[in-house]
Amino acid sequence: VQLAESGGGLVQPGGSLRLSCVGSGSISSYVIGWHRQAPGKERELVGFITYGGHTHYVPSVKDRFIISRDDAKSTVYLQMNNLKPEDTAVYYCKLRDSNAWGRGTQVTVSE
């Protein structure tokens, strides 16, 4: 299964965006993570969702970001609220048990 991210853009601080991660096939049995890479920094995990719908977030985004999934649409979402300039990064989704990365989608938080 290959994943493709979309939904990035430019948003002001305090704003919201929803990113989508669409699979080329069924994703229902996969744990899927969202990751991000800011300029000059290493790629980091943002959070993940299990095939049972349980979620985990890193402290920096907890209570602001929400990961959800719609297996009927082979899609995982990343709802990002109260965005901060430090959230600026390229965002990627990935199957937990895969080393394959997509192109990502750019999120820029700026006035």
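R96 and D97 form a salt bridge in which the closest N and O atoms are 3.6 Å apart; a salt bridge here is a side-chain nitrogen of Lys or Arg within 4 Å of a carboxyl oxygen of Asp or Glu. The model is predicted, so local features need pLDDT of at least 70 and side-chain atom pairs count only at pLDDT 80 or more, whereas totals for chains, interfaces and linings use all residues. Residues are numbered from 1 along each chain as its sequence is written, and side-chain values use heavy atoms, with hydrogens and water left out.

**Overall fold**

- The chain contains 10 strands and zero helices, where helices (H or I, at least four residues) and strands (E, at least two) are DSSP runs numbered from the N terminus.
- Its radius of gyration is 13 Å, close to the 13 Å that the globule rule gives for 111 residues, so the chain is as compact as a globular protein of that length; the radius is taken over C-alpha atoms, and the rule is 2.2 Å times the number of residues to the power 0.38.
- The C-alpha trace spans about 40 × 25 × 20 Å along its principal axes.
- Of the contacts between residues at least 6 apart in sequence, 52% join residues at least 24 apart, a contact being heavy atoms within 4.5 Å.

**Surface and charge**

- Buried residues account for 43% of the 111 residues; buried means under 20% relative accessible area, exposed over 50%, and partly exposed in between (1.4 Å probe, protein chains only).

**Salt bridges**

- The structure holds five salt bridges.
- Both partners of the R96 and D97 pair are exposed.
- R69 is bridged to D71, with the closest N and O atoms 2.9 Å apart; R69 is buried at 16% relative accessible area, whereas D71 is partly exposed at 27%.
- R36 is bridged to E44, with the closest N and O atoms 2.7 Å apart; R36 counts as buried because its relative accessibility is 6%.
- A network of salt bridges links R36, E44, R64 and D87.

**E44 in strand 5**

- E44 lies in strand 5, which covers residues 44-49, and counts as partly exposed because its relative accessible area is 36%.
- Not counting residues up to four places away in sequence, E44 touches H35 and R36.
- E44 and V58 are 14 residues apart in sequence, and their C-alpha atoms are 9.4 Å apart in space.

**I67 in strand 7**

- I67 is placed in strand 7, residues 65-70, and counts as buried because its relative accessibility is 4%.
- Leaving aside neighbours within four places in sequence, I67 is in contact with W34, G47, F48, I49, T55, H56, Y57, V76, Y77 and L78.
- I67 and L19 are 48 residues apart in sequence, with 9.5 Å between their C-alpha atoms.
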